[in-house]
Amino acid sequence: MKVNVILRLLLVLLVLNVHEACAAPKVHEHADAVEEIDSLMADAIEQGLIPGGVVCVTDKDTILFLKAYGNRQVFPDTLPMTEETMFDLASLSKPTSTAMTVFSLVADGRLSLDDYVSRYVPQITDSFNITHLLTHTSGLPSYLNVKRLVEHYGEATPEVLLDSISKCPRISRPGEQVRYSCLNYILLQHVIQNIEGKPLSEAAHERVFFPLQMSHTTYMPDSSLLPMIAPTEYIPVPDADSVLLHGEVHDPLARVLNHGNSGNAGVFSCARDLARLGQFLLRNKNNEYVSQMTSMPDSLAFSGRTLGWGHNDSITSYTGTLFGENTYCHTGYTGTSMIIDPDSELCLIILTNRVHPKDKGNLNPLRGAVADAVFRYWADAYKED
C-alpha cells in the first residue's frame, strides 16, 4: 500500500516539533497588542455578544499568544473560561476535519478530486464531483428542514438524511454557481465512510487528529470530557423541559439526523489542538496537497472558495483589513473561527460559544478587529526578524 503522504508529513512534524507544540510557550507578547485584544474581548463580553472566549495566535513553530476570557458557562451556573476549554466547532469542522480527511485519501491515492460522487455514494446520480462539494459549487441547496424531514419519514436517521439529499431540488448545474451548503460536506462524509468502511469520526481521528496529537479533538465526546466543554444553546423541547446542549453538537442536521457523526459539523476541539493543525498547514504550505487544499481552483475561482476553506479575496468581513490576499479562513455558527495567512505565516484562532445560553449576536466585527490587532503587531514583528 502506498504510504500516505500527509500522514508522513504529520509524523515528521511531530518528531521534530512535538515538544514545542505541547509546551505551547507564550513568546513575542506585546503590551499594546495584548491590551487591544483584551479590550475587544472585554467589550464583547460586556455587550453580551459572548459569555467568554479563547484567543490564540501561532506561527508555523510556536504559539505566540494564548489567553482565555470571561466564562465558558453562565447558565444554570457560572464557570470560568480556561485555555483548555473545548468548543463545538460547528462549521469549522468542515475544513479542519472533513476536508483534511478527504485530502489524506487523495494523497493516499484512494480518491481523486475529479471523481464523481456517484462512484462512492450510489444514491447520488448527479454529475458533480469531489471538487464541486469542497467548493460549494455542486448545485445543492444550503440546508434542509429537520422538522419536516422527521415528520415526512417518521424517523431521524443518517439514511433519512442521505435519501433526502439525493431527492431534494437542485439550484443549479454543477460548477455554475456557489451556494454554501452543509449538504456538500455531509456527502463528503459518506464518500469517506464508503471508502474507509468506518464512520467519519474514526477516519478523521486516525488520519488527522491522532497523527497531529490533537488529543482533545473529537466527535461525540464522552462524559469524561464534559467538564472541559463549553455548552451552547438552551433549546426548547416540545412537551418537555428545555435542554442545555452540552457535549452535543449544536447543528440540527448533525445532531438530530446524523447523531453527532457528520461532515458539516460535530467536532469539539480546543485552541492548542487547532494551533497544531494551523502549524502543520503553515509548515507544509508548499506541499502539493496542502497547497491544493488551500488555493482556489482556477476554473471555480468565482466561488471564492478553496478546496475546504473560504478565501480572503471574497471574505473580508471577519478577516479584517490587513491579512494577505492568500489568506484562507472559516467560521463556525457557534462562534468559532480560524484565519491562516501563508505569507505572514500567522494563524489566528478565536473560539467562543456565542450561542450560549441563547443564539444571539454577530461576531464578524469582533473577529475583524482582533484580526487587525494581531496582524499589526505580529506580522510586522516577523518582517523585522
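## Strands S11 and S12

In this predicted model, strand S11 (residues 336–341) and strand S12 (residues 346–352) run antiparallel and are joined by six bridges. Within this pairing, Ile340 lies opposite Cys347 of S12.

S11 and S12 belong to an open sheet of seven strands, whose pairing is antiparallel and whose order is S3-S2-S1-S12-S11-S10-S9. Strand S3 (79–80) and strand S9 (310–311) form the edges, each pairing on one side only.

Helix H10 (residues 271–283) packs on this sheet. Its contacts extend to strand S1 (52–58), strand S2 (63–73), strand S10 (328–332), S11 and S12, and the direction of H10 makes about 155° with that of S12.

Thr96 is located in helix H3 (residues 93–107). Its relative accessibility is 2%, and Thr96 therefore counts as buried, the cut-off being under 20%. The side chain of Thr96 reaches the backbone oxygen of Leu92 at 2.7 Å.

Leaving aside residues up to four places away in sequence, Thr96 touches Leu89, Val208, Phe209, Leu274, Leu277, Trp309 and Met338. Of these contacts, Leu274 and Leu277 fall within the range of helix H10 (residues 271–283), while Met338 falls within that of strand S11 (residues 336–341).

## Overall composition

The protein contains 12 helices and 12 strands. Of its 385 residues, 58% count as buried. The protein exposes about 15300 Å², of which carbon and sulfur atoms supply 52%.

Among contacts between residues at least 6 apart in sequence, 68% join residues at least 24 apart.

Note on methods
Residues numbered from 1 in each chain as written. Predicted model: local features only at pLDDT ≥ 70, side-chain atom pairs only at ≥ 80, totals over all residues. Heavy atoms only, no water. Pairing = 2+ DSSP bridges. Helix = DSSP H or I, 4+ residues; strand = E, 2+ residues; numbered from the N terminus. Contact = heavy atoms within 4.5 Å. Axes fitted to C-alpha atoms, helices over the stretch in contact; angles between N-to-C directions. Buried < 20%, exposed > 50% of the residue type's maximum accessible area, 1.4 Å probe, protein only. Polar contact = N/O pair within 3.5 Å; in protein donor to acceptor, adjacent residues only side chain to side chain. Areas by Shrake-Rupley, 256 points an atom, 1.4 Å probe, with all protein chains shown as cover.
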